[in-house]
Amino acid sequence: LFGGFGNYPWLDERNRFVIDLMQRQPANALSLVNTDAYFRQPIQERLKAWVAHKVHLTVPVASDLSTRVFEALMVGQIPLVPDDVPDLDRVVPPELQKSLPIVRYEAKSIDSALAAWRTAIERFDSDGSTGVMKRHAYARDFHSLPARLKRIAEFVRKPGAATLSEVSRHIVWER
């Protein structure tokens, strides 16, 4: 179980969750650190650490969809994402989450996170290198910076029809 988290004083609940998880599962590669020290490491060392692990835990700050999900997919890891991240379903359809997989866990539940980790390890091992390449290709083709910029440019050039939503009075584009 891999994941590095900034040890921010204003995130007591998040810090406590990571610490509790580390204590409950001593065989982990989780860290709660000063982020400046992490980013001072050579990028090659950081990449080595990422590709050496099968499963990546995400613990969002405010139910946000972290870029860490797509970084994990890019290196072939299976991301664990709490169930209180609603935007994941808007960005990665639930059926695709199952096939990659992206494994969900109950937010703030150590038991659920550990169960999700075990499920992800089983899937990683059963899918092998084919699964690693599938996750990498998906992230490369749809969530890398060039892929995102291409989609933004396509949208700007031809946004398609817009409709006004009845419920929230938001403009919704067809794509």
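This is a predicted model: local features need pLDDT of at least 70, side-chain atom pairs count only at pLDDT 80 or more; totals for chains, interfaces and linings use all residues.
I placed both in helix α7, residues 110-142, four residues apart, about one turn of the helix (helices are DSSP runs of H or I with at least four residues, strands runs of E with at least two, numbered from the N terminus).

**Ground rules I noted.** Residues are numbered from 1 along each chain as its sequence is written. Local features need pLDDT of at least 70 and side-chain atom pairs count only at pLDDT 80 or more, while totals for chains, interfaces and linings use all residues; side-chain values use heavy atoms, with hydrogens and water left out.

**Other salt bridges.** I searched the whole structure and got ten salt bridges. One of them joins K150 and E154, with the closest N and O atoms 3.8 Å apart. These two sit four residues apart in helix α8 (145-157), so about one helical turn separates them. K150 is exposed at 53%, whereas E154 is partly exposed at 32%. I also looked up K98 and E95, whose side chains meet at 3.4 Å, N to O. Both lie in helix α6 (94-99), three residues apart, and both are exposed.

**S66.** I found S66 in the loop between β3 (55-57) and α4. S66 counts as buried because its relative accessibility is 17%. Its side chain reaches the backbone nitrogen of R68 at 2.9 Å.

**Largest pocket.** R68 turned up again here: with Y38, F39, W50 and E71, R68 is among the closest to the centre of the largest pocket, out of 30 lining residues. A pocket is an open set of points on a 1 Å grid over the protein atoms alone, where a 1.4 Å probe fits, with protein on both sides within 12 Å along at least five of seven lines; lining residues have an atom within 4 Å of a point. I noted about 760 Å³ of space in it, the volume being that filled by probe spheres set on the points, which are joined across faces, edges and corners. Elements that each supply at least two lining residues include β1 (2-6), β2 (29-33) and α4 (67-74). The lining divides into 16 nonpolar, nine polar and five charged residues (Ala, Val, Leu, Ile, Met, Phe, Trp, Tyr, Cys and Pro are nonpolar, Asp, Glu, Lys and Arg charged, the others, Gly among them, polar).

Conventions
Buried means under 20% relative accessible area, exposed over 50%, partly exposed in between (1.4 Å probe, protein chains only). A polar contact is a pair of N or O atoms within 3.5 Å; within protein, one must be able to donate a hydrogen and the other to accept it, and residues adjacent in sequence count only if both atoms are side-chain atoms. A salt bridge is a side-chain nitrogen of Lys or Arg within 4 Å of a carboxyl oxygen of Asp or Glu.
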